[in-house]
Amino acid sequence: ADLGWFTANVLENKLFNYFIVLVCASTYVSSGALGAFITDPGQLIKGYADMFSETAIVSASSLDLVILTLSGASFVPEDLSRRGYKGEVAPLIAASTVLLPGLGVALYCALRPGLDEE
């Protein structure tokens with residue numbers, strides 16, 4: 001398969017994929033969401049619900065994140081089949097990427113099997 005230089009050397013590079021996982025994970029930590037979810041999840045969810053109902057940017061950004069997360073998950077089964085994986089768990093792997101928005105798809109990219117060179 002002719003991937004092109006950028007795809008073959010950057011997007012398929014495991015070091016780059018793990019760097020993206022670290023960047024995505026750091027957003028959960030640096031935003032304070034992870035700490036707040038651990039210490040007081042009820043207040044975090046209430047605060048988010050209040051912001052969602054009062055601020056248009058929060059509702060628009062949330063919808064964007066949902067669309068991007070579901071779009072990313074929808075590409076996982078096809079990507080696995082291109083990589084020679086014929087298992088029936090591909091839809092389950094795709095669904096698992098939705099559990100952690102942003103980070104789930106990044107983890108998939110880091111942990112997915114390599115492409116066979118043709």
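Reader: Take a salt bridge as a side-chain nitrogen of Lys or Arg within 4 Å of a carboxyl oxygen of Asp or Glu. How many salt bridges does the structure hold?

Author: The structure holds six salt bridges. This is a predicted model, in which local features need pLDDT of at least 70 and side-chain atom pairs count only at pLDDT 80 or more, while totals for chains, interfaces and linings use all residues. Residues are numbered from 1 along each chain as its sequence is written, and side-chain values use heavy atoms, with hydrogens and water left out.

Reader: Which residue does E12 meet at 2.7 Å?

Author: The side chain of E12 forms a salt bridge with that of R83, at 2.7 Å from N to O. The two are 71 residues apart and link distant parts of the chain: E12 is in the loop between α1 (5-11) and α2 (14-30), and R83 is in the loop between α5 and α6 (90-96). Helices here are DSSP runs of H or I with at least four residues, numbered from the N terminus.

Reader: Are E12 and R112 buried, partly exposed or exposed?

Author: E12 has a relative accessible area of 21%, so E12 is partly exposed. R112 is buried because its relative accessible area is 11%. The cut-offs are under 20% for buried, over 50% for exposed and in between for partly exposed, with a 1.4 Å probe and protein chains only.

Reader: Which residues does L115 touch?

Author: Leaving aside residues up to four places away in sequence, L115 touches L3, E12, R82 and R83; contact means heavy atoms within 4.5 Å. L115 is placed in the segment after α7, and its relative accessibility of 30% is why L115 counts as partly exposed. The C-alpha atoms of L115 and R82 are 7.5 Å apart, although 33 residues separate the two along the chain.

Reader: Turning to N17, where is it found, and what does N17 touch?

Author: N17 is found in helix α2. N17 touches L11, E12, A106, C109 and A110, not counting residues up to four places away in sequence. At 5% relative accessibility, N17 counts as buried.

Reader: Which residues of α7 are buried, and what covers them?

Author: In α7 the residues L103, G104, A106, Y108, C109 and A110 are buried. Their cover includes α2, α5 and α6.

Reader: Is L111 buried or exposed?

Author: L111, in helix α7 (residues 103-111), is exposed, since its relative accessible area is 60%. Together with Y18, L99, L100 and L107, L111 makes a nonpolar surface patch of about 500 Å². Such a patch joins nonpolar side chains (Val, Leu, Ile, Met, Phe, Trp, Tyr) within 5 Å, taking residues with over 30% relative accessible area and no salt bridge.

Reader: At what angle do α4 and α5 pack?

Author: Helix α4 (residues 41-54) and helix α5 (residues 56-82) pack at about 105°, with their axes 5 Å apart. That angle is why α4 counts as roughly perpendicular to α5, a label given from 65 to 115 degrees. The axes are lines fitted to C-alpha atoms over the stretch in contact, with angles from 0 to 180 degrees between N-to-C directions.

Reader: Which residues meet there?

Author: From α4, Y48, M51, F52 and E54 meet A56, V58, S59 and S62 of α5. S59 is partly exposed because its relative accessible area is 24%. S59 and L22 are 37 residues apart in sequence and 26 Å apart in space, C-alpha to C-alpha.

Reader: How far apart in space are Y85 and Y48?

Author: Y85 and Y48 are 39 Å apart in space, C-alpha to C-alpha, and 37 residues apart in sequence. Y85 is in the loop between α5 and α6, and its relative accessibility of 33% is why Y85 counts as partly exposed.

Notes
Patches are made of residues with over 30% relative accessible area and no salt bridge: like charges are joined within 9 Å, nonpolar side chains (Val, Leu, Ile, Met, Phe, Trp, Tyr) within 5 Å. Accessible areas come from the Shrake-Rupley method with a 1.4 Å probe; for residues, only the protein chains shown count as cover. Angles under 35 degrees count as roughly parallel, over 145 as roughly antiparallel, 65 to 115 as roughly perpendicular and the rest as oblique.
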